[in-house]
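Here's a quick tour for anyone opening this structure for the first time.

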Amino acid sequence: MAKQKRHVIKHDNVVVFPGATEMLIREGHMFAEKYQYENAIACFEKAFLYENGDEKALSVYAYSLYELKQYVKAKEVCEQLLAMGTSMYVEVMELYITICMQLKEYHQVEAIITTLIEEKVLPEAQLEKFERLKQINSEVAKNLQQREDVQELIEEQEYDLAKFKALTPNEQSLRLHRLMDTNVRQLKMALKAIIECADIHPFVQSLALILLVEQEVSLEVAVTKFEQTTVINPTQLALPNQLQQYVEVKKMIESKLEQDPSTLEMVQYLMAKHAIVTYPFEWHPFKAEDIANSYIDFVQAMLGNGQEMDDEIIDFLQMLEKLTELHEV
């Protein structure tokens with residue numbers, strides 16, 4: 001009986017023995033299953049020198065590249081698969097979109113997913129997953145843009161005290177809010193200057209201080225407001241709603257208004273706003289019980305229920321309420 005002839009591949013005058021490429025691809029799959037992606041990639045790339053990969057091999061190769069953060073090459077392989085008309089369209093497209101997000105190609109991702117949904121290319125069961133990917137992409141793009149905007153402001157020294165003072169209190173507040181997701185240590189001296197400046201609105205002073213407290217930035221800061229001065233280190237300071245007097249007043253108000261939830265909600269809202277303005281001094285030198293009663297009286301008066309009130313504390317609360325209205329300053 002005549003022996004069956006097996007196909008012999010030549011590449012750059014190198015003879016590749018029958019079955020060698022199949023063995024390399026099998027090994028590539030095996031390494032990928034064991035999370036040994038470097039070895040998997042090496043096997044696939046050797047095999048692809050001699051033969052074009054099938055969709056299964058190419059998809060595992062693309063995933064291995066993705067796992068090793070070789071995003072540009074992984075994207076090219078996905079594009080090759082999509083051009084082939086792969087039967088694994090949804091899986092490859094999901095990987096492709098994820099890679100584009102890693103490459104910060106957010107506009108492309110938005111366009112791709114929108115087209116997939118509008119043209120009803122996706123199976124019904126996959127719609128929710130891709131809509132979620134679209135939402136995540138949008139949020140990531142927005143956050144990145146915010147960080148880039150903040151970095152640009154930092155580079156332009158927009159938090160320098162002289163430039164900062166030229167803004168309205170409302171603009172200053174918005175400028176500080178943009179730092180919430182930013183490492184403020186690079187701005188700690190600028191924030192210190194804002195906090196210590198007598199011309200800065202007390203609400204804005206507090207926002208700058210809260211940024212340092214939340215990120216536990218260690219430095220000495222002198223705070224002056226309401227004819228009081230203290231030197232504090234943000235690492236040793238609690239947030240406004242965690243300070244001792246705030247906790248005491250809140251507990252008393254909750255007890256007194258247990259049967260009146262609508263009034264309680266209004267009082268708590270005012271307290272939270274005012275606690276930022278007074279920070280870090282709270283309502284000193286007033287006593288916690290007097291403050292609790294005055295807040296209840298203050299809200300009752302706002303609702304048209306006139307009654308006798310402690311004028312000194314009420315005047316103080318009215319001042320705090322006015323100071324929270326930055327757009328009117």
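Predicted model: local features only at pLDDT ≥ 70, side-chain atom pairs only at ≥ 80, totals over all residues.

**Where α14 meets α15**

- Two packed helices are described by the angle between their axes and the distance between the axes.
- Helix α14 covers residues 288–302 and helix α15 covers residues 311–323; their axes come within 10 Å and cross at roughly 65°.
- Angles of 65 to 115 degrees count as roughly perpendicular, so α14 and α15 are roughly perpendicular to each other.
- The crossing of α14 and α15 is right-handed.
- On the α14 side, the contact is made by D290, I291, S294, Y295 and F298, while α15 brings I313, I314, L317, Q318 and L320.
- Sorted by class, that contact has seven nonpolar residues, two polar ones and one charged one.

**One face of α9**

- Which residues of helix α9 (residues 169–177) are buried? They are P169, Q172, S173, R175 and L176.
- Look down the axis of α9 and its buried residues fall within an arc of 160°, so they line one face of the helix.

**A closer look at L144**

- L144 sits in helix α7, which runs over residues 127–155.
- Is L144 buried or exposed? Its relative accessible area is 14%, and buried means under 20%, so L144 is buried.
- Leaving aside residues up to four places away in sequence, L144 touches K104 and Y106.
- L144 and K104 are 40 residues apart along the chain, yet their C-alpha atoms are separated by 9.0 Å.

How values were computed:
Residues numbered from 1 in each chain as written. Heavy atoms only, no water. Axes fitted to C-alpha atoms, helices over the stretch in contact; angles between N-to-C directions. Helix = DSSP H or I, 4+ residues; strand = E, 2+ residues; numbered from the N terminus. Parallel < 35°, antiparallel > 145°, perpendicular 65-115°, else oblique. Left-handed = near helix turned anticlockwise from the far one by under 90°. Contact = heavy atoms within 4.5 Å. Nonpolar A, V, L, I, M, F, W, Y, C, P; charged D, E, K, R; others polar. Buried < 20%, exposed > 50% of the residue type's maximum accessible area, 1.4 Å probe, protein only. Arc of directions from axis to C-beta.
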